[in-house]
Amino acid sequence: MSNIKYLIFLLLYFTSLQLSSQNISGKVLSDSTFITRAQLILKKKSAIIAYQFTDEKGGFSFQNIKSDSLELEVTHLNYISKVFFLTKPFSNDLKIELFENTKLLQEVIIKGDLPVYQKKDTIVYNPKHYLDGSERVVEDLLKKLPGISVNDAGKIFFKGKEIQSLMLDGDDLFNSRYTIGSRNIDVNEVKSVEAIENFNKNKVLHKITTSEKVALNLKLKNKQKFTSRLQLENDFINKYDNTATSLLLHKKAKGFSLLNTNNLGEIYDTDVSLIDNNYQNYPLISQGSFPVFLSKNNSILNETFQTNNSLKLNISERSSFTIDLATYKDNIKQQIDNTTKYQFNDQNFEFVNSDSPIKKPETIATNTYYEYYNGKDIQVNTHFILENKNSLFTNNAVNNSVPRASSVYTDEKLIGGKAEITKMLSDKSALNFSALLSHKKTNQNFLLQPSIEISNSILIDNQLVDLNTNTFAFTTNFYRNFEKFKLIITNKTIQNNDALFSRLDLEEATSDSFVNTINYKNLTNEFRTQLSFKYKKFRFSVDGIMWLNKLQKNNQSQNHQNLLFESNIKYTITKKQDLQFLLTQSIETPVISKIFNQPILNSYSSIVNNGEDFDNIKNTQASVNYSISDLYNTFYFRSFISFSYRNKDYYDITTPNPVIISNQSILIDKKNSRTTLNLSIQKFIPFIKINFKYNTTLMFSKYYNFVDDSTIREIDSKIFNNEIILFAAITKGVSVNNKFNIDFNFFKMESDLNKLTQLKNEFKINYIISKKISLNSLLITIISDTKKSQKYNFLGFEILYKLSKPNLEIYFTGQNLLNHKKFENTNISDFSVSSFSYNLQERNVLLGLRFKLL
């Protein structure tokens with residue numbers, strides 16, 4: 001009996017213990033978004049009972065809590081802390097709402113001196129956490145920042161999107177030619193780098209709309225001063241690279257100036273562009289190509305003189321005026337030997353060419369911008385451009401043992417302007433008007449000696465091309481925000497007029513059979529309605545487009561009507577993680593290069609023309625994008641997959657011939673498609689200064705062509721590019737950078753397969769010996785075709801000595817120390833393999849001086 005009483009007592013005791021303990025659970029949110037890694041501390045008076053962090057869905061759970069009254073403190077770096085007093089019975093479904101505190105965030109950041117942090121739509125990078133002493137210009141720094149990438153052409157991308165602007169303290173001096181700034185501004189002038197999402201240059205529209213565009217802003221250390229830097233490099237024999245830059249920072253004016261003269265392959269982009277004008281004619285006769293598989297300062301043999309001057313004047317608090325003037329003059333030379341093997345229709349043969357091209361381009365271009373913003377509801381922008389380009393291209397070639405001397409003179413003139421006005425009608429609506437007008441004229445004269453036979457004993461020796469393009473565009477946008485959705489109505493009208501005259505002269509006569517006289521008009525009206533709304537973590541936008549188009553080529557005319565649909569769905573999983581689905585449709589109208597029928601000689605060994613048919617092409621693309629970053633923006637991952645197809649396309653008929661290759665483009669109702677997969681992983685570990693970046697792109701394409709007299713050929717193409725970049729601090733004063741690329745190219749047609757694999761590795765080591773002395777060396781290893789045994793090693797170095805007074809750097813720099821004279825590369829297509837070699841910049845060692853003038 002006593003045993004039974006004892007068991008009952010124990011049962012009641014443990015039951016009472018279980019009943020007295022409870023669980024506390026719930027979620028931590030901000031504006032319906034789960035907050036991860038929020039810290040929760042459970043206290044009894046001042047004693048800590050338990051603590052934990054929220055999971056990926058903002059959830060937390062404390063088990064078996066026995067106390068009657070408790071204090072729960074919730075904290076997070078980006079939010080205002082909260083304290084709750086809990087009493088029994090405890091809740092298992094707590095909803096804790098936190099609010100952002102930008103001021104608190106900034107205070108914490110200043111104290112902690114973080115390498116990167118976020119404030120609203122802006123990621124801020126602190127350069128000193130990424131620099132190792134080898135950097136000279138802004139581009140060197142940007143390559144090391146997580147989430148930012150720079151390609152070989154200097155284009156800058158943030159989270160996979162190309163930036164719209166590179167600003168200096170909020171002012172855009174460079175517009176689309178931002179490489180002038182990124183490749184020339186001294187990295188030591190930069191205090192911080194801001195990567196801005198939801199970027200909109202229009203201050204009125206920024207108040208009521210969101211944007212997918214991104215931009216970078218450089219916060220400079222000195223706010224009001226004029227600095228000028230001079231860099232002189234010379235071997236005192238025949239190699240030189242001299243640069244002068246000036247930076248003006250003042251309350252009333254801001255400017256940047258560049259002057260460079262060199263023969264080491266440094267060529268900057270001097271082309272101007274008219275905003276939103278994607279319809280520009282391009283020269284129909286080739287002006288030669290100069291291979292740059294290596295870096296430019298190994299491949300290009302040049303004599304360059306170039307200037308760029310940008311000045312922004314703040315006329316008043318509400319208006320500003322910017323002027324940009326660029327000049328460029330060069331003398332580019334090369335020696336190229338090429339052997340092309342053709343394999344198709346059971347035929348095998350090869351062509352051998354040797355070229356000695358010389359190109360002498362000259363450019364002068366100016367841009368002017370005016371901006372007025374009344375600080376409230378009106379903004380006016382104007383843009384005017386003027387550009388004059390001309391070049392003389394000569395080539396003494398040997399084409400399959402036959403000497404060919406040719407010259408092409410090209411003269412291009414562009415004038416245009418755009419005006420835009422935006423008016424906010426209320427705090428929820430706005431109206432925007434823009435008008436664009438441009439004229440471009442291109443004249444080309446191609447002379448060839450001796451004459452070549454194109455068919456049936458017809459000899460030709462001269463090609464003339466005159467092309468004039470006039471463009472007019474007018475756009476109206478209406479924006480209205482309702483309580484539950486946003487509305488944008490757009491009407492855009494574009495008129496393009498092309499006038500083409502070309503004449504291919506016979507050796508001693510002129511024939512109408514080789515003359516193109518074309519007046520081509522392309523009128524398009526696009527009426528677009530966009531609805532966008534937000535539901536919990538989803539953002540939706542849907543576009544309906546009525547697309548009307550009239551094409552007229554001489555006496556031929558076509559009228560088209562299309563209904564297009566677009567959608568954009570974005571799911572915000574957390575504040576640092578989102579998933580996006582995008583569907584777009586567009587119409588590509590014929591350009592002048594696809595509608596002339598009579599042949600045009602576009603090089604000494606190539607002639608081109610088109611079939612009779614021309615039409616619009618419908619493009620459809622669907623893509624899925626997933627991205628995630630960590631709380632402190634030191635980790636970034638992006639995956640992107642897209643599928644696109646065209647309902648018809650222009651396909652080539654290629655007829656190889658030892659004298660001349662004929663290419664005819666014809667329109668065929670056969671779809672082509674492309675699938676692209678891109679992955680990007682970036683991770684920065686601040687305390688050991690390791691920065692890792694991996695990018696890969698896999699592309700599958702299907703298209704068609706004809707070779708010689710073959711039937712239509714279906715081609716499968718695969719391109720697989722991989723890039724691995726590592727920046728690491730080994731010990732104090734020693735750091736290494738390594739960039740590895742491997743590219744695969746495949747072309748398959750039935751049982752035939754052409755494939756090419758190329759490898760490239762760049763290894764750079766930087767050693768800071770003392771505060772005054774540093775050494776860095778660069779080794780580039782290249783295998784241009786893994787089927788061949790040839791490997792190239794390019795060695796370069798820099799030894800630098802700093803003098804504190806005056807502010808002077810003295811250095812020796814060298815490149816191609818192993819003195820490779822030529823470089824051989826390989827190109828492939830579905831029916832040919834080309835092996836070509838070209839001359840390189842020979843070994844050079846230069847003495848350099850770098851110092852501030854002011």
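**Charged pairs and their surroundings**

Guide: In this predicted model, a salt bridge joins Lys-155 to Glu-162, and the closest N and O atoms of the pair are 3.8 Å apart. Lys-155 has a relative accessibility of 37% and therefore counts as partly exposed, and Glu-162, at 31%, counts as partly exposed as well.

A second pair consists of Lys-413 and Asp-411, whose closest N and O atoms lie 2.7 Å apart. Here Lys-413 is partly exposed, with a relative accessible area of 40%, whereas Asp-411 counts as buried because its relative accessibility is 14%, which is under the 20% that sets the limit for buried residues.

From the charged pairs one can turn to a nonpolar part of the surface, where a patch of about 960 Å² is made by Phe-482, Phe-485, Leu-531, Phe-533, Tyr-535, Phe-538, Ile-569, Leu-579, Phe-581, Val-624, Ile-641 and Leu-677. Two elements, β31 (510-535) and β34 (577-588), are those that give two or more residues to this patch, and β31 gives the most, with three residues. Phe-533, one of the patch residues, lies in strand β31 and is partly exposed, with a relative accessible area of 37%; the patch takes in residues with over 30% relative accessible area, so Phe-533 passes that cut-off.

Another feature to examine is the second largest pocket, which has a volume of about 1200 Å³. Of the 40 residues that line this pocket, Ser-289, Asn-338, Asn-353, Ser-603 and Ser-605 are the closest to its centre. Several strands give two or more residues to the lining, among them β23 (336-344), β24 (347-355), β26 (378-399), β27 (402-426) and β35 (600-603), and β49 (822-828) and β50 (832-839) are also included. Sorted by class, the lining has 18 nonpolar, 21 polar and one charged residues.

The backbone also deserves a careful reading. Most residues other than glycine have a negative phi, and most peptide bonds are trans. Against that background, the peptide bond from Gln-449 to Pro-450 is cis, with omega near -10°, and Pro-450 is found in strand β28, which covers residues 429-455. Asp-169, although not a glycine, has a positive phi of about 50°, and it lies in the loop between β14 (166-168) and α4 (179-182). Asn-198 likewise is not a glycine and has a positive phi, of about 55°; its place is in the loop between β15 (190-196) and β16 (215-220), and Asn-198 counts as buried because its relative accessibility is 17%.

Finally, Val-736 belongs to strand β44, residues 734-749, and counts as buried at 14% relative accessibility. Val-736 and Gln-52 are separated by 684 residues in sequence and by 39 Å in space, taken from C-alpha to C-alpha.

Definitions and conventions:
Residues numbered from 1 in each chain as written. Predicted model: local features only at pLDDT ≥ 70, side-chain atom pairs only at ≥ 80, totals over all residues. Heavy atoms only, no water. Patch = residues over 30% accessible without salt bridge, like charges linked within 9 Å, V, L, I, M, F, W, Y side chains within 5 Å. Areas by Shrake-Rupley, 256 points an atom, 1.4 Å probe, with all protein chains shown as cover. Salt bridge = Lys/Arg side-chain N within 4 Å of Asp/Glu carboxyl O. Helix = DSSP H or I, 4+ residues; strand = E, 2+ residues; numbered from the N terminus. Buried < 20%, exposed > 50% of the residue type's maximum accessible area, 1.4 Å probe, protein only. 1 Å grid on protein atoms, 1.4 Å probe; cavity = no way out; pocket = protein on both sides within 12 Å on 5 of 7 lines; lining within 4 Å. Points joined across faces, edges and corners; volume = space filled by probe spheres on them. Nonpolar A, V, L, I, M, F, W, Y, C, P; charged D, E, K, R; others polar.
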